[in-house]
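Please read the points below with the sequence and the model open side by side.

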Amino acid sequence: QGQPVESGGGSVETGGSLTLSCAASGNPFNSHCVAWFRQPPGKKPWEREGVAAIHTGAGSTYYADSVKDRFTISQDNANNTVYLQMNNLKPEDTAEYYCAADYCQVPGTARILLETRDFANWGRGTKVTVSA
């Protein structure tokens, strides 16, 4: 799996919505753990917060408590893309959002990788700004 490519960031007001896209680069997202992380302004890369993850084979999804019921991660196998639908955005959601992906056989690995950030393939990020 090569470097995934993110898109869809932008600026919205509180309560607005955005959909981020993560496109596979190289091999398709078959039996992959794919996750979204975010790095707020002033934070370091090792402080990135895991937001949501999906196992593209099983379809199982995992979320951080801070985004449950507001964000939805989904996949489009035909386009080899994973999406992050973000609703009811808050100023504290402002961050650079990164997609990460790795082949993984066991669906539950996605939950672990969301916590450990131990992905080999990271995108370059897309910026989300939520104004009050």
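1. Ser-60 lies in the loop that links β5 (49-55) to β6 (61-63); strands here are DSSP runs of E, at least two residues long, numbered from the N terminus. Leaving out residues up to four places away in sequence, Ser-60 touches Ala-53, Ile-54, His-55 and Pro-107, where contact means heavy atoms within 4.5 Å.

2. This is a predicted model, in which local features need pLDDT of at least 70 and side-chain atom pairs count only at pLDDT 80 or more, while totals for chains, interfaces and linings use all residues. Residues are numbered from 1 along each chain as its sequence is written, and side-chain values use heavy atoms, with hydrogens and water left out.

3. The largest nonpolar core has 24 residues, of which Trp-36, Leu-84, Met-86 and Tyr-97 touch the most other members. A nonpolar core is a set of buried Ala, Val, Leu, Ile, Met, Phe, Trp, Tyr and Cys residues joined through side-chain atoms within 4.5 Å, and buried means under 20% relative accessible area (1.4 Å probe, protein chains only). Two or more residues each come from β3 (18-23), β4 (32-39), β5, β7 (71-76), β8 (81-86), β9 (95-103) and β11 (126-131). The most, four residues, come from β9.

4. Beyond four places in sequence, Met-86 touches Gly-16, Ser-17, Leu-18, Leu-20, Arg-70, Phe-71, Tyr-97 and Val-128.

5. How do β7 and β8 pair, parallel or antiparallel? They are antiparallel, over six bridges; strands count as paired if DSSP finds at least two bridges between them. Across this pair, Thr-72 faces Gln-85 and Ser-74 faces Tyr-83. The hairpin has four residues between the strands, and Asn-80 there takes a positive phi near 50°.

6. An open, antiparallel sheet of four strands runs in the order β1-β3-β8-β7. Because β1 (5-7) and β7 stand at the edges with a single partner strand each, one side of each has no neighbour in the sheet. The twist from one strand to the next averages 20°, with axes fitted as lines to C-alpha atoms and angles taken from 0 to 180 degrees between N-to-C directions.

Note on methods
Buried means under 20% relative accessible area, exposed over 50%, partly exposed in between (1.4 Å probe, protein chains only).
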